[in-house]
Amino acid sequence: MTTTIRTLIADDEEGPREQLRSALARLAPELELVAASVNGVDAWDDCLALEPQLCFLDIRMPGLSGLEVAQRLAQLAEPPQVVFVTAYGDHALSAFEAGAVDYVMKPVEDARLQQCLQRLRQRQAANAESEPATPAAPTMPPGTLELLRQLLPQQRGAMRPIQASQGREIQLISPDDILFFQSDSRYTRVVHRDGEAWIRTALKELLVDLDPSVFWQVHRSVLVNSRFVASATRVDENTMQLSMKGHAEKLPVSRQFQGLFKGQ
């Protein structure tokens, strides 16, 4: 890899996380570590904030698993390359061996990591040859998203009501009635059919309990119920806005998520 590659690692165990950090520093100093996330929820949020080009994701993490984080990343406009860090006997291992997905085993050994890094370098070189005017970075190989869909559980439990405090009353809001969530640094605004409420739960934590096929993240601070999206309007080359059914407010769509609205 001749160019600097922004890199994120994610593992909920400090020992393996630090071991991988140290190994990458020794074996691939051209990788620029931008984050060492301590769980899947933070990894997803860090990816949106820092836009790494390469992610090493532990498969088994609380909140969002490494597979779930990778599935979300695969749908971004410019998805990063993902390398899974997995334990022996993991259910996904045989699928990884049969496909083109990169993985390393715990505890990470230098020789195996070197092989993985060499594949990344070869992929980067191929990208550079096909698009010489663009600085090359690793990208997800074709078929990754479909493989992740096969590995992830297809059935999700029923979405639980959102509980919002209003004075002495606890309001239970059905997810089916929610148009969108919008977060600031302290609170999350919940806009629903009958009005709006405020909760202290961060947007990244709400993602764990909400069905990603229904609730789409369109901005780091905005999560929409896709059933209430009326239209997406491109304002200029870099700006897009959503109109919601029954609501006059326009919602921003960040560049990373504009690929969700391509037209058919």
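Colleague: Which residues of helix H6 are buried?

Modeller: In this predicted model, helix H6 spans residues 144–151, and its buried residues are Thr144, Leu145, Leu147, Leu148 and Leu151.

Colleague: What puts them on the same side of H6?

Modeller: Their arc around the axis. It is only 160°, so they lie on the same side of H6.

Colleague: Why is phenylalanine 84 called buried?

Modeller: Buried means under 20% relative accessible area. Phenylalanine 84 has 1% relative accessibility, so it counts as buried. This residue is found in strand E4.

Colleague: What does phenylalanine 84 touch?

Modeller: Leave out residues up to four places away in sequence. Then its contacts include Leu57, Ile59, Leu67, Phe96, Tyr103 and Leu148. Leu148 is one of the buried residues of H6.

Colleague: How far apart in space are phenylalanine 84 and isoleucine 162?

Modeller: They are 33 Å apart, C-alpha to C-alpha. In sequence they are 78 residues apart.

Colleague: What makes threonine 86 a buried residue?

Modeller: The cut-off is again under 20%. Threonine 86 is at 1% relative accessibility, so it counts as buried. It lies in strand E4, residues 81–86. Among the residues it touches are Ile59, Leu93, Tyr103 and Lys106.

Colleague: Which residues have the most contacts inside the largest nonpolar core?

Modeller: Leu57, Leu73, Phe84, Phe96, Phe181 and Val224. That core has 63 residues. Phenylalanine 96 is in contact with Phe84, Leu147 and Leu151, among others, leaving aside neighbours within four places in sequence. A second, separate core has 18 residues, including Ile9, Leu54, Val85 and Val108.

Colleague: How do you know that E14 and E15 pair?

Modeller: Pairing needs at least two bridges. Strand E14, residues 239–244, is joined to E15 by 5 bridges, so the two count as paired. They run antiparallel. Methionine 244 stands opposite histidine 247 in E15.

Colleague: What is the order of strands in the open sheet?

Modeller: The order is E13-E14-E15, with antiparallel pairing.

Colleague: Why are E13 and E15 said to stand at the edges?

Modeller: Strand E13 (229–236) and strand E15 (247–253) each have a single partner strand, so one side of each is left without a neighbour in the sheet. Neighbouring strands of this sheet are turned by 25° against each other on average, direction ignored.

Key. Residues numbered from 1 in each chain as written. Predicted model: local features only at pLDDT ≥ 70, side-chain atom pairs only at ≥ 80, totals over all residues. Heavy atoms only, no water. Helix = DSSP H or I, 4+ residues; strand = E, 2+ residues; numbered from the N terminus. Buried < 20%, exposed > 50% of the residue type's maximum accessible area, 1.4 Å probe, protein only. Contact = heavy atoms within 4.5 Å. Axes fitted to C-alpha atoms, helices over the stretch in contact; angles between N-to-C directions. Core = buried A, V, L, I, M, F, W, Y, C linked by side-chain atoms within 4.5 Å. Arc of directions from axis to C-beta.
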